Amino acid sequence: MPSFDSLFNAFVTILVTIDPPGLAPLFLAVTRGMNRDERQQVSVRASVIGFLVMALFAVAGASILSVFGITLPAFRVAGGFLLFFIAFEMVFERRQDRKEKIGDVAITKDMIHNIAAFPLAIPLIAGPGAISATVLLSGHFEGFAAQAALVGIIAICLVITFLVFVLSERIDRILGQTGRSILTRLLGVILAALAVQFVADGIKALMVG
């Protein structure tokens, strides 16, 4: 069973890459015109789909990589660079602009009936960053108990995301533009440090191998 530090590190990594507070205003944007019950249904479905996608990569991520002949250390390095790029976008508020464009495209294409699957579940919840982080973490969580713990962490993060969706109107009012900006930048710095650690671990494993 992984240590508490490993579990906490996994929790922070996944939660930061999903970025629930940053999704709150986007959730309101893509569900505008819906009543509270409809929004809750969308929240449940998006969270479940996001969980299933991320749980798949947590359990079978290494197998999926092996099909393409990619080693886990190589993916750690590549994934670490990807996470660092996402962290860079978060610190300089470029990620939010990109997410808003995704939301606008979904609305203009009249995909409200599928809004939970796209763009909420994929790519806003289970996006490239979150999937990469999940696969990277799965390499440190070997064995049934460890994988179950990782899936449990993903479930907790998705429950938090669901609660943020449900309380999105209130959270958006409390944080405001300044609060969202500060929180996003803070999470970006944390993610950058975690990304550097992933790259360092990957390079070390490649050199040993």
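1. The annotation comes first. The UniProt record, an unreviewed entry, places the feature "transmembrane region" at residues 6-30, 42-68, 74-92, 112-138, 144-166 and 186-207. Two of these stretches can be set against the coordinates of the predicted model: over residues 74-92 the chain is 95% helix and 0% strand, with the end C-alpha atoms 27 Å apart, while over residues 186-207 the chain is 100% helix and 0% strand, with a separation of 32 Å between the end C-alpha atoms.

2. Two packed helices are described by the angle between their axes and the distance between the axes. For helix α4 (residues 72-91) and helix α9 (residues 168-208), the angle is about 165° and the axes are 7 Å apart. An angle over 145 degrees counts as roughly antiparallel, and α4 is therefore roughly antiparallel to α9. The crossing in which α4 passes α9 is left-handed, and the contact between α4 and α9 divides by class into 21 nonpolar, 4 polar and 2 charged residues.

3. Helix α2 (residues 20-30) packs against helix α6 (residues 116-125) at an angle of about 155°, and the axes of this pair lie 11 Å apart. The two helices, α2 and α6, are therefore roughly antiparallel to each other, and their crossing is right-handed. On the α2 side the contact is made by L23, F27 and V30, and on the α6 side by P119, L120, L124 and I125. In terms of residue class, the contact of α2 with α6 consists of 7 nonpolar residues, with no polar and no charged ones.

4. Helix α2 also meets α9, where the axes come within 9 Å and cross at roughly 125°; α2 and α9 are therefore oblique to each other. Here α2 passes α9 in a left-handed crossing. The residues making this contact are P21, A24, P25, F27 and L28 of α2, together with S168, E169, D172, L175, R180 and L183 of α9. They divide into 7 nonpolar, 1 polar and 3 charged residues. A detail for anyone inspecting α2 is that F27 is listed in the contact with α6 and is listed again in the contact with α9.

5. On aromatic side chains, a pair of rings is described by the distance of the centres and the angle of the planes. The count for the predicted model comes to 3 aromatic pairs. One of them joins F4 and F8, whose ring centres are 6.2 Å apart and whose planes stand at 15°, so the pair is stacked; the cut-off behind that label is an angle under 30 degrees between the planes. Because F4 and F8 are 4 residues apart in helix α1 (residues 4-18), about one helical turn separates them.

Terms used:
Residues numbered from 1 in each chain as written. Predicted model: local features only at pLDDT ≥ 70, side-chain atom pairs only at ≥ 80, totals over all residues. Heavy atoms only, no water. Axes fitted to C-alpha atoms, helices over the stretch in contact; angles between N-to-C directions. Parallel < 35°, antiparallel > 145°, perpendicular 65-115°, else oblique. Left-handed = near helix turned anticlockwise from the far one by under 90°. Contact = heavy atoms within 4.5 Å. Nonpolar A, V, L, I, M, F, W, Y, C, P; charged D, E, K, R; others polar. UniProt positions renumbered as here; feature names shortened; annotations may be inferred. Phe/Tyr/Trp six-rings, centres within 6.5 Å; stacked < 30°, edge-to-face > 60°.
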